[in-house]
Amino acid sequence: MAIADHLGQVCKDANDLYMLCRNDTGADPRKCLREGQLVTNCTKMFMDKVYKECKMPLARYTTCLDLNSRRHQFCRTTQVEFDKCVLEKTGVSREFTWYQDKQVPLHQTWPEAFREFKSDFVNVLKH
């Protein structure tokens with residue numbers, strides 16, 4: 001959870017390739033082992049680098065999240081410290097995906113917004 005946004009950016013191409021393979025092959029993971037290995041390798045390489053370069057900021061941030069029931073609003077100080085370290089050491093900044101920044105119109109409820117997001121996501125996967 002603490003590193004998900006960074007990891008999502010770094011391994012986006014490998015993840016996209018894997019999901020396209022799964023979509024094209026009828027969601028059979030056995031047919032996409034090569035693409036899955038790319039995701040695993042990308043994740044391992046990035047995590048090794050972050051652990052080597054930003055071990056203590058990561059530990060403080062994850063500990064804060066664990067102690068606060070994964071509520072990020074209570075861990076902003078440690079998050080900023082961790083984000084700064086990752087940016088300086090790996091060049092990756094925390095970027096949020098498009099659906100997190102999507103504004104919900106005042107007349108739309110969250111369940112409606114989620115249904116809209118889900119239909120958008122399904123359409124993206126189809127193409």
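**Basis of the entries**

I note that this is a predicted model, in which local features need pLDDT of at least 70 and side-chain atom pairs count only at pLDDT 80 or more, while totals for chains, interfaces and linings use all residues. Residues are numbered from 1 along each chain as its sequence is written, and side-chain values use heavy atoms, with hydrogens and water left out.

**Entry 1: the chain**

Helices (H or I, at least four residues) and strands (E, at least two) are DSSP runs, numbered from the N terminus. Read from the N terminus, the order is α-α-α-α-α-α-α.

I then looked up the surface: the chain exposes about 9200 Å², of which carbon and sulfur atoms supply 59%. Such areas come from the Shrake-Rupley method with a 1.4 Å probe, and for residues only the protein chains shown count as cover.

I also looked up contacts, where contact means heavy atoms within 4.5 Å. Among contacts in the chain with a separation of 6 or more, 57% join residues 24 or more positions apart.

**Entry 2: helices α2 and α3**

At what angle do α2 and α3 pack? I found about 155 degrees between helix α2 (residues 12–24) and helix α3 (residues 33–53), with the axes 8 Å apart. The angle therefore makes α2 roughly antiparallel to α3. Axes are lines fitted to C-alpha atoms, for helices over the stretch in contact, and angles run from 0 to 180 degrees between N-to-C directions. Angles under 35 degrees count as roughly parallel, over 145 as roughly antiparallel, 65 to 115 as roughly perpendicular, and the rest as oblique.

I recorded the crossing of α2 and α3 as left-handed, that is, the near helix is turned anticlockwise from the far one by less than a right angle (clockwise would be right-handed). On the α2 side the contact is made by Ala14, Asn15, Leu17, Tyr18 and Cys21, and on the α3 side by Glu35, Gly36, Leu38 and Val39. I sorted these residues into 6 nonpolar, 2 polar and 1 charged. Here Ala, Val, Leu, Ile, Met, Phe, Trp, Tyr, Cys and Pro count as nonpolar, Asp, Glu, Lys and Arg as charged, and the others, Gly among them, as polar.

**Entry 3: glutamine 9**

I located glutamine 9 in helix α1 (residues 4–10). With a relative accessible area of 31%, glutamine 9 is partly exposed. Setting aside residues up to four places away in sequence, glutamine 9 touches Val92, Ser93, Arg94 and Glu95. Glutamine 9 and arginine 94 are 85 residues apart along the chain, yet their C-alpha atoms are separated by 8.4 Å.

**Entry 4: the loop between α4 and α5**

Is cysteine 75 buried or exposed? I found cysteine 75 in the loop between α4 (55–67) and α5 (76–90); its relative accessibility is 1%, so cysteine 75 counts as buried. Beyond its neighbours within four places in sequence, cysteine 75 is in contact with Tyr61, Cys64, Leu65 and Asn68. From cysteine 75 to cysteine 64 I read 5.9 Å, C-alpha to C-alpha, at 11 residues apart in sequence.

Serine 69 is also placed in the loop between α4 and α5. Although serine 69 is not a glycine, its phi is positive, at about 55 degrees. Serine 69 is exposed, with a relative accessible area of 54%.

Arginine 70 lies in the loop between α4 and α5, and its phi is a positive value near 65 degrees. I noted arginine 70 as partly exposed, with a relative accessible area of 43%.

Terms used. Buried < 20%, exposed > 50% of the residue type's maximum accessible area, 1.4 Å probe, protein only.
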